[in-house]
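Visitor: Could you show me how to read the features of a protein model, one after another?

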Amino acid sequence: MLDLAAPSGPRPHRARRHASRRAHAAPEEPNERPRLAVLIPAHNEADRIGAAIDGLRDQTRRPDLVVVVCDNCTDDTAEIAAAHGAQVFHTQGNTHKKAGALNQAIAWMLPHLDDRDLLLVQDADTVLDPWFAETALGTFNRKVGAVGGVFYGEEGGGLLGLLQRMEFHRYAWELERTGGKAQVLTGTGTMFRARVLREVRAARRAGVIGGGTGYYSLASLTEDDEMTKAVKTLGYRAMSPAGCAVTTEVMPTLGKLWHQRLRWQRGALENLRDYGWTRVTARYFAQQFLMGFGALSFLIYLTYMVTYTTLYGWPGFSPFWTAIGLIFVVEKTVSVRRAGPKAVLVAVLMVPEMLYDLFQHAVYFTSLWGMVRRSEEKWVAT
């Protein structure tokens with residue numbers, strides 16, 4: 001059981017070194033289970049932090065320690081977290097948002113953990129499935145360095161919320177089809193071996209991977225996507241088994257969804273630019289190419305159909321294209337069947353999802369153009 005004094009900020013270096021010596025003084029017996037600590041980065045999450053902590057208390061394998069990382073909070077996040085039984089860590093002078101907050105907290109926590117111990121990083125707006133920790137623990141082996149969650153959207157949000165839940169269900173469906181191989185170690189909930197986090201930091205300091213000298217990259221808009229590539233670059237597997245389900249927030253408005261997805265997409269593209277073409281990133285480059293090709297093809301098809309119909313009228317019934325359309329609808333419907341009857345109905349109607357796809361395509365091209373412009377600006381400034 002981890003039993004740390006309630007932290008108010010990073011401990012002095014002398015205290016960390018002393019704690020590290022204590023942690024490694026007595027090697028664990030082979031049959032002793034690894035310890036599990038949890039870090040929940042939070043910035044003004046008073047309305048959600050209680051549910052996140054309660055979800056950890058409901059785990060079939062309870063954590064040995066839960067720490068809420070309060071980052072420049074101006075609300076009651078710290079008080080509510082303490083009332084729910086969590087320890088509270090206050091960041092000091094952090095200007096690097098979530099990644100910076102996590103780097104401070106991990107630097108404080110890691111000396112207390114042996115290499116085989118585990119650290120779970122979870123968003124404050126997320127509730128883990130009760131089987132998450134136990135499933136993740138059972139997934140680790142010598143080749144698996146981190147286990148990420150399979151995220152599902154919370155209820156609510158009207159049609160926009162439903163479309164996001166359908167998107168998340170399709171991602172979960174794809175994960176099942178690929179045997180749980182994670183594309184992204186999601187920030188909503190990911191468990192790491194302590195040894196792997198130490199190796200990531202050592203690799204950054206040695207210049208093997210970029211992103212600064214900490215655990216999480218300070219140069220990335222999407223620290224979870226970058227961390228996935230870092231873990232894989234070190235030769236480890238990243239997994240997301242079906243039992244590691246998490247329920248997270250959906251964006252209630254188009255404006256907030258646009259901002260979220262623009263950050264995700266821009267971050268993914270910039271991470272690929274920074275890593276370059278490697279054995280690990282080759283698949284990600286291919287995915288981005290296919291995404292762009294699909295988006296461009298869809299726009300060309302819509303433009304052609306609108307132009308042709310305007311000039312010559314409806315082209316009429318085509319058995320071939322009707323068959324292709326039916327296959328498309330069946331795939332769309334089957335992949336969201338677990339999301340409920342409303343999701344199936346929306347999938348059959350097609351039009352709402354076509355509009356949602358156009359929204360996603362706009363995000364993609366805006367992100368691509370923004371990255372190109374930023375590169376041009378840097379080149380001119382140089």
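Guide: What follows goes through confidence, the sheet and the cysteines. This is a predicted model, in which local features need pLDDT of at least 70, side-chain atom pairs count only at pLDDT 80 or more, and totals for chains, interfaces and linings use all residues. Residues are numbered from 1 along each chain as its sequence is written, and side-chain values use heavy atoms, with hydrogens and water left out.

Visitor: What pLDDT does the protein chain average?

Guide: pLDDT is the predictor's confidence in each residue, from 0 to 100. The protein chain averages 89, and 90% of the residues score at least 70. Over residues 8–30, however, pLDDT stays under 50, and it is also below 50 over residues 376–382. Where pLDDT is low, the predicted coordinates should not be read in detail.

Visitor: In which order do the 7 strands of the open sheet stand?

Guide: Strands are DSSP runs (E, at least two residues), numbered from the N terminus, and two of them pair if DSSP finds at least two bridges between them. Here the order is β3-β2-β1-β4-β8-β6-β9, with mixed pairing. Because β3 and β9 each have a single partner strand, one side of each is left without a neighbour in the sheet. Strands β1 and β4 pair in the parallel sense over 4 bridges, and L39 stands opposite V121 in β4.

Visitor: How many disulfides does a search of the whole structure find?

Guide: A disulfide is a pair of cysteine sulfur atoms within 2.5 Å, and the search finds 0. For C73, the nearest cysteine sulfur, that of C70, is 4.2 Å away.

Technical notes:
Contact = heavy atoms within 4.5 Å.
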